[in-house]
Amino acid sequence: MSEAELRITEIFHSLQGETSTTGLPTVFVRLTGCPLRCGYCDTAYAFEGGHKMALSEIIAKVADYGANCVTVTGGEPLAQPQCIELLEKLCDQGYRVSLETSGAMPIADVDKRVFKIVDLKTPGSGEVSKNLYDNVDYFLPHDEVKFVICDRQDYDWTCMKVDELGLQDRVAEVLYSPSQGQLSPRQLAEWILDDKLNVRMQLQTHKYIWGDQPGH
């Protein structure tokens, strides 16, 4: 039987810019392809192209960087079914493995050792209808849920969804992110503080260091 392959846009070593592991050296494996077209997407270059790599090649490339953390991202990584096997093999190698997924693809088969970062889509994304809320049943206590917030409507919708889905009792972190260029970080911070929310606001730290350069 031939070895499974995935279409890869890039594999690179950087500092984690988001989530509760912000600042940690991390190897990013960016898979090619995404069924969504969010209005604020900053990785449209990963929608197509890329090159095929065998699982063993990917594992070897990751090992070259010597980091303890690996993030599998996209695009939408789960759009490639072989991603499930990649996640399992990375966990078997002893890495702290996180998966950045849109929440538009089923997560039931993701290895339970993986830290899932599920980006539920807000109305401002233009893709709110793609959210698979059945995925909530597969959230684990170490997982994190992220909302990219474009405006006050998105903020109010997010607060409603956090309560409706009981997210703060299901996952380790609920992440509120301002959409860059659409909502100022200060405005989002003030709303969170005014409403006395117990959520984590996050900024994309990597963009403050390297800007919008691919591969960071």
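How exposed is Arg 113, in relative accessibility? I looked it up: Arg 113 comes out at 40%, so I noted it as partly exposed (buried is under 20% relative accessible area, exposed over 50%, partly exposed in between, with a 1.4 Å probe and protein chains only).

Before going on, I wrote down that this is a predicted model, where local features need pLDDT of at least 70 and side-chain atom pairs count only at pLDDT 80 or more, while totals for chains, interfaces and linings use all residues. Residues are numbered from 1 along each chain as its sequence is written, and side-chain values use heavy atoms, leaving out hydrogens and water.

**Salt bridges**

I used this rule: a side-chain nitrogen of Lys or Arg within 4 Å of a carboxyl oxygen of Asp or Glu. The count came to twelve.

One of them joins Glu 10 and Arg 30, at 2.7 Å from N to O. This pair links distant parts of the chain, 20 residues apart: Glu 10 sits in strand β1 (residues 5-15) and Arg 30 in strand β2 (residues 25-31) (strands are DSSP runs of E, at least two residues, numbered from the N terminus). Both Glu 10 and Arg 30 are buried.

Back to Arg 113: its side chain meets that of Asp 111 in a salt bridge, 2.9 Å from N to O. Asp 111 has a relative accessible area of 16%, so I put it down as buried.

Then I checked Asp 119 and Lys 121, whose closest N and O atoms are 3.1 Å apart in their salt bridge. Asp 119 is buried at 11% relative accessibility, and Lys 121 is buried at 6%.

Terms used. Helix = DSSP H or I, 4+ residues; strand = E, 2+ residues; numbered from the N terminus.
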